[in-house]
Amino acid sequence: MTAETAPATDPAMSYVYAVSRAGTPLDAALPGQPGLEGGPLRVVRAGDLVALVSSVPAASYGTEGVKAQMEDLERLELLARTHHAVVEAAYEHTAVLPMRLVTVYLDDGRVRGMLDKREPEFSALLARLEGHVELGVKVYADPREAVTAGGRGPATDTAGSPGRAYLQRRRAQQQNHRETYRAAGAVASEVAARVADVARAHVTHRPQQGDLAQAAGENIVNDAYLVHGTRADAFRAALTGLADDVPGVRVEITGPWAPYSFATPPPAGGGEPR
């Protein structure tokens, strides 16, 4: 996140969504695709690079305004959705580097300065990503589904005392829990091996929890793979049926997406004025 302190006389700032090479059809993403606050998109060029930009109110996107947005979950969600929609629209036409959420500069001149300064880094990243997409792989463990599907764990002696039967059920549940997670770990280990010849790079993300984990079971693996667009079907085929015979374990493949996990540049250093 890069936000500048806006002078009181500045009515607007320049919000940067993505960077691409000059001469690419990035302009094709502009018609009909609104930016934040409904503002129109435009491109800012510097040398061999262009940035996809829109104007945003200084009061909302200067340092204090950004802080307020980060603390308002509804506003933050809308901001993130709009940012990602612009990047996805651009990526349909050409390779782009998605910028971090809330990358804001005082004006287009500062955006050009940023492009000039980081041209070697951006150009190298674009060369690496051209023609590639991101595919996600999530592995879930659900001990309850394992029991429903025909279950692990020892049988319980229902003819004994209620106390003994309860302890046996608890032991059976604990054993089923351990075995389900052990099986999920084995499936997760197999994923990387199966796609080794298809994926160019691999990033491990933190498993999703809470509201982000909408699927049944616990997300124990949340990985991203960089794959050439022509190999996306081969990637999916390599993982077909991986967990079909493993009760309580499920593999989910998502995408293709713009390669956020591999394209987002690190922030320009030091928090210097922009």
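The buried residues of helix α2 pack against α1 (58–61) and α3 (73–91); buried means under 20% relative accessible area with a 1.4 Å probe, protein chains only. Helices here are DSSP runs of H or I with at least four residues, strands are E runs of at least two, and both are numbered from the N terminus. This is a predicted model: local features need pLDDT of at least 70, side-chain atom pairs count only at pLDDT 80 or more, and totals for chains, interfaces and linings use all residues. Residues are numbered from 1 along each chain as its sequence is written, and side-chain values use heavy atoms, leaving out hydrogens and water.

**Helix α2 and its neighbours**

- Gly-65, Val-66 and Gln-69 are the buried residues of α2 (residues 63–70).
- Viewed down the α2 axis, these buried residues fall within an arc of 100 degrees, so they line one face of the helix; the arc is taken from the directions from the helix axis to the C-beta atoms.
- The α2 and α3 axes come within 6 Å and cross at roughly 105 degrees. Axes are lines fitted to C-alpha atoms, for helices over the stretch in contact, with angles from 0 to 180 degrees between N-to-C directions.
- That makes α2 roughly perpendicular to α3, a label covering 65 to 115 degrees.
- Ala-68, Gln-69 and Met-70 of α2 meet Arg-75, Leu-76 and Leu-79 of α3, where contact means heavy atoms within 4.5 Å.
- By class, this contact of α2 with α3 has four nonpolar, one polar and one charged residues. Nonpolar covers Ala, Val, Leu, Ile, Met, Phe, Trp, Tyr, Cys and Pro; charged covers Asp, Glu, Lys and Arg; the others, Gly among them, are polar.

**Helices α4 and α5**

- The axes of α4 (residues 108–117) and α5 (residues 119–129) come within 5 Å and cross at roughly 70 degrees.
- α4 and α5 are therefore roughly perpendicular to each other.
- Met-114, Leu-115, Asp-116 and Lys-117 of α4 make the contact with Glu-119, Pro-120 and Phe-122 of α5.
- The residues of this contact divide into four nonpolar, no polar and three charged.

**The four-stranded sheet**

- Four strands form an open antiparallel sheet in the order β7-β8-β6-β9; strands pair if DSSP finds at least two bridges between them.
- β7 (199–205) and β9 (249–257) are the edge strands, each pairing on one side only.
- Neighbouring strands are turned by 20 degrees against each other on average, direction ignored.
- Seven bridges join β6 (residues 132–141) to β9, and the two run antiparallel.
- Ala-141 has Val-249 in β9 as its bridge partner.
- Helix α8 (residues 232–239) packs on the sheet, touching β6, β7, β8 (218–228) and β9. The direction of α8 makes about 180 degrees with that of β9.

Conventions
Buried means under 20% relative accessible area, exposed over 50%, partly exposed in between (1.4 Å probe, protein chains only). Angles under 35 degrees count as roughly parallel, over 145 as roughly antiparallel, 65 to 115 as roughly perpendicular and the rest as oblique.
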